[in-house]
Amino acid sequence: MTDLDPEPSTGPELLRRLTTRVVGRRRELEAVVAALAADRHLLLEGPPGTGKSTVLRAVAEESGRGFEFVEGNAELTPARLVGTFDPAAVLSEGYSPDVFVDGPLVSALRDGALLYVEEINRIPEETLNVLITVMSEGELHVPRLGHVAAAPGFRLVAAMNPFDAVGTARIASAVYDRVCRLAMGYQDAGEEALIVSAAAPDAAVAFGAGGVLSAVSMVRDSREHPDLRTGSSVRGAIDFVLVATELAALRGREVVDPGVTLDAALLALSGRVRLREGGARTAEDVVTELWTRWFAPTEPDQGSGDGDASSDGGGREPGKA
């Protein structure tokens, strides 16, 4: 019996520990624990910033499992995934198992660990075929090394962004046929505000609960903006409050000063959003619009000759449009 076994004596306690580390995501945590306990491989699918790697790292650590992380990209060749013989050692000792340098896949197989492949839909097809073989056979044949069997506990967990994200490819049905798929969307506004507060506690105090919620709302609006193909994840809200806090200190202004929050929004969000093809607007235009909706003063400033808003901002009540 393992910590991932859904027996009442272990499953609820594992979930209790996980819920203290991960904001929300109770349903997703239950699904991951159940799938791994059932000896299934798993695919987490969702846009960036939805906590896919956070959930899996927490499960691995709280259950005491080994964890091998692989970043999926076009340069992930089979040799980088599997491992290779040390060329210098081969010259002196020949192709001995002792001179084979394990890659993350072989390490996970030997140790019965979780192999986490991030953005699996960015890796080359020949590398993907290696993973399909391992999922099907539970072992891997390496030329001159022999067969490497999966130790008990080995699981492949992959994550992927939606197919239409830049640089992604469709995943073959052979992969879907060998995994359980868990779709992960963005969390609700309250949970995202908790994530921001946990990631940037000092900045969250400076903004206040309403200000943090406004930052989250600005970011969430980017996901539905008609001029954007892709909006920002909650990481944009985290960066926004952190950068705004530092800018305010540098300028000797309040953190909610319009000049501070506008510049912070442009810094944090303009590189994260993706415009729809054929549009005439820039990312800065759209981010400024989103900032105006949530942080621009509601009344023209009457007290500053240079056009800047006063330090109390005259802004919207935090958390309201």
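Biologist: Is Asp 188 buried, partly exposed or exposed, and at what relative accessibility?

Modeller: In this predicted model, Asp 188 sits in the loop between β9 (180-183) and α9 (189-199). Buried means under 20% relative accessible area and exposed means over 50%, with partly exposed in between. Asp 188 therefore counts as partly exposed, at a relative accessibility of 43%.

Biologist: Which end of α9 does Asp 188 cap, and which backbone nitrogen lies 3.2 Å from its side-chain oxygen?

Modeller: The side chain of Asp 188 also has a polar atom 2.8 Å from the backbone nitrogen of Glu 191. The cap is at the N-terminal end of α9, where a side-chain oxygen of Asp 188 lies 3.2 Å from the backbone nitrogen of Gly 190.

Biologist: How far apart in space are Asp 188 and Gly 24, C-alpha to C-alpha?

Modeller: In sequence, Asp 188 and Gly 24 are separated by 164 residues. In space, their C-alpha to C-alpha distance is 9.2 Å.

Biologist: Why do the buried residues of α9 lie on the same side of the helix, and what arc do they cover?

Modeller: The buried residues of α9 are Glu 192, Ala 193, Ile 195 and Val 196. They are on the same side of α9 because the arc they cover around the axis is only 155 degrees.

An α-helix has 3.6 residues a turn, so residues three or four places apart point the same way. The face of α9 turned away from the buried side carries the exposed residues Leu 194 and Ala 198.

Biologist: What do the buried residues of α9 pack against?

Modeller: Glu 192, Ala 193, Ile 195 and Val 196 are the buried residues in question. Their packing partners are two helices, α10 (201-222) and α11 (234-251).

Biologist: At what angle do α10 and helix α13 pack?

Modeller: Helix α13 spans residues 283-295, and its axis is 9 Å from that of α10. The crossing of α10 past α13 is right-handed. Residues of α10 in the contact include Phe 207, Met 218 and Ser 222, and those of α13 include Leu 290, Trp 291 and Trp 294. The packing angle is about 145 degrees.

Biologist: Is Ser 222 buried or exposed, and at what relative accessibility?

Modeller: Ser 222 is in helix α10. Leaving out residues up to four places away in sequence, Ser 222 touches Leu 228, Gly 231, Ser 232, Val 273 and Leu 290. A polar atom of the Ser 222 side chain lies 2.9 Å from the backbone nitrogen of Ser 232. The cut-off for buried is under 20%, and Ser 222 is buried at 2%.

Biologist: What share of the residues in the protein is buried?

Modeller: The protein has 13 helices and 11 strands. Its accessible surface comes to about 15600 Å², of which 50% belongs to carbon and sulfur atoms. Of the 321 residues, the buried share is 44%.

Terms used. Residues numbered from 1 in each chain as written. Predicted model: local features only at pLDDT ≥ 70, side-chain atom pairs only at ≥ 80, totals over all residues. Heavy atoms only, no water. Helix = DSSP H or I, 4+ residues; strand = E, 2+ residues; numbered from the N terminus. Buried < 20%, exposed > 50% of the residue type's maximum accessible area, 1.4 Å probe, protein only. Polar contact = N/O pair within 3.5 Å; in protein donor to acceptor, adjacent residues only side chain to side chain. Arc of directions from axis to C-beta. Contact = heavy atoms within 4.5 Å. Areas by Shrake-Rupley, 256 points an atom, 1.4 Å probe, with all protein chains shown as cover. Axes fitted to C-alpha atoms, helices over the stretch in contact; angles between N-to-C directions. Left-handed = near helix turned anticlockwise from the far one by under 90°.
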